[in-house]
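The following exercises concern one protein model and are each followed by a worked solution.

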Amino acid sequence: MCMVVHHFVLSISPAISRLFISVHIFSRLCDLALYNTEMRTFNVKSQVASVLSSDFREVAAETLASLQVYCHWLSLLHLYSHVHKQYENEFVSIVSSCIDAIIPLLHEEVPERVLLPASHFLVSLTTSVRPSFFVALETVQKLYHEVTAGKLRRTAVEIETLIFRALSNALVLPWPNQPDDKQDWPSRSNNHDNLIKALTINYQQMAEHTNVEKRFHAEAKCFIGRTLWLLKDLIEAVSGEATKSKTIVYKSVQESLHTTLALFPVYIHEPDVVDSILGFLLAVFGAFQLQLGVAYTEQIIHRLLGMFTQEQLQETISQEMSAGSRVLEKFLRILRLLAQQTGSSFKTLLPNIINFCLDQIHPLIAERSAPDIKTEFFELLHQLLLNNWRYFFRPNVQTRVTHGDDGACENQGQFVKMMEAFGQTFTQTDITVFKQNLQSLEDLNAKRKLYQKPIFNDGMLFHFLNVLLQVLVRRSHDLLQEEIAIALYNMASSDFDKFYLRFLPEFLTGCEGLYAEQKAELSKSFKMDKDLPSFTRGVHRFVSDVRYYRLYNSSLPSGTVTF
């Protein structure tokens, strides 16, 4: 295929001969795939041919994979045929041949080595090419019937996911070069509803079960996980699409969303099931915030916050490195999606979300080695501050006009706790969390002038400067020396006089292992530079001198007198 790729790259051009060659090559490739499908060469049973069975399977799989590679070219041919009608029949013929080669392979008795590339090709065809006649083809209609009848349930979940995604895409993605009134949205929406109903009919009934033993049977929990995985994939497939496509999918999965929320409290102590539920909800919030609406979103979040009690969180986090850890990570991601909204839609949720983070989650993870959870938690705090700055700093109109932004802090208790949470990680050994939080503070300063706010500059600045300098002296995070030095400069530049005349003497006074003369020399040698390169050089020299003096002093024999 690499030998003929130049025919395809330039095929959509006035060069008719080149287009004819590329169509001919692709047609022959389709014929090969169709021959493999009709002759079932990958399923030979005779003893004579058994030695070649793996080769036959490989040829069939590679042929389908080659077809998938050229789906982009096929999409260009589709657009070209809209302009040059004489190629429309050629395009329909090629696509129909491809579909005739793929659809018969989508059965459980087909070897997975062949079934998987066939499924991938079908996804590419419905995602990139999007032929408007796809659903009307008899073989495709038969596939929809078989899928809704449950014929795929015994295939691998990856394959079932791909086939459902392809069928869903065919119904919800807009056809290229077609106006909105020619998209046949009502019929396609109705067909999509039927597809999702067939997928979830047994799942919908689970909320009605009163038999506790059946609900908690391993098979039932596995079924919930598989169903929610399929729905999550369909939602994520349209997360970047236009509103119309999202609306159709949301309408189809709305009942499943209600069922999932009803099942949540039932399985709250089953981390594997809760992991699947939150994965589904994360996809829903990521794709359908407009469709959910503010009121329903608030209702869901309040419900989830109510279910994650202190005891439940303790139980969940105790299962670290398992589904319990993934559960908390996904819930924090859901909250982060809301925190990233810059409008006023979800502002009523802010106090509850912040209190939940600071009062319930942070005490559980502060001293625990849980890097994945901490990463999600502190990114949530970062987004809460960055996108909701006016929740903390909102001067009235008169103050803004007469004095500018005076930096008065509202909800001061929450702000202080958030800064303390960031600061605590700078005293711990996890370099990943350290770097992330240092970048978060720098980002807040660059975009919101954090270091210049009175509440930070007057009450917290010295604490952050002290802990960062101590980190450099201890060499506990040497990989971040430059990042720490730059952060020190940005903090000091908010008030250089305060840094040189107040902080530095206080820091040296508290430095253990140094004599008074050495402290005086350190203070004297730290030049009052105000440009970044000179300041960072001064910091590194200062830190190096502190370490040298401590090492020198510790090597002196006991009782040595210094002058």
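**Exercise 1: A salt bridge**

The side chains of Arg113 and Glu62 form a salt bridge, with 3.5 Å from N to O. Determine which helices this pair ties together.

Solution. Step 1: apply the criterion, a side-chain nitrogen of Lys or Arg within 4 Å of a carboxyl oxygen of Asp or Glu. By this rule the model contains 20 salt bridges. Step 2: locate the partners. Arg113 belongs to helix α6 and Glu62 to helix α3 (residues 53-69), so the pair links parts 51 residues apart in sequence. Helices are DSSP runs of H or I with at least four residues, numbered from the N terminus.

The model is predicted: local features require pLDDT of at least 70 and side-chain atom pairs 80 or more, whereas totals for chains, interfaces and linings use all residues. Residues are numbered from 1 along each chain as its sequence is written, and side-chain values use heavy atoms, without hydrogens and water.

**Exercise 2: Confidence**

Over which residues does pLDDT, the predictor's confidence from 0 to 100, stay under 50?

Solution. Step 1: the chain has a mean pLDDT of 88, and 90% of its residues reach 70 or more. Step 2: the stretch under 50 is residues 1-15. Step 3: where pLDDT is low, the predicted coordinates should not be read in detail.

Conventions: Contact = heavy atoms within 4.5 Å. Helix = DSSP H or I, 4+ residues; strand = E, 2+ residues; numbered from the N terminus.
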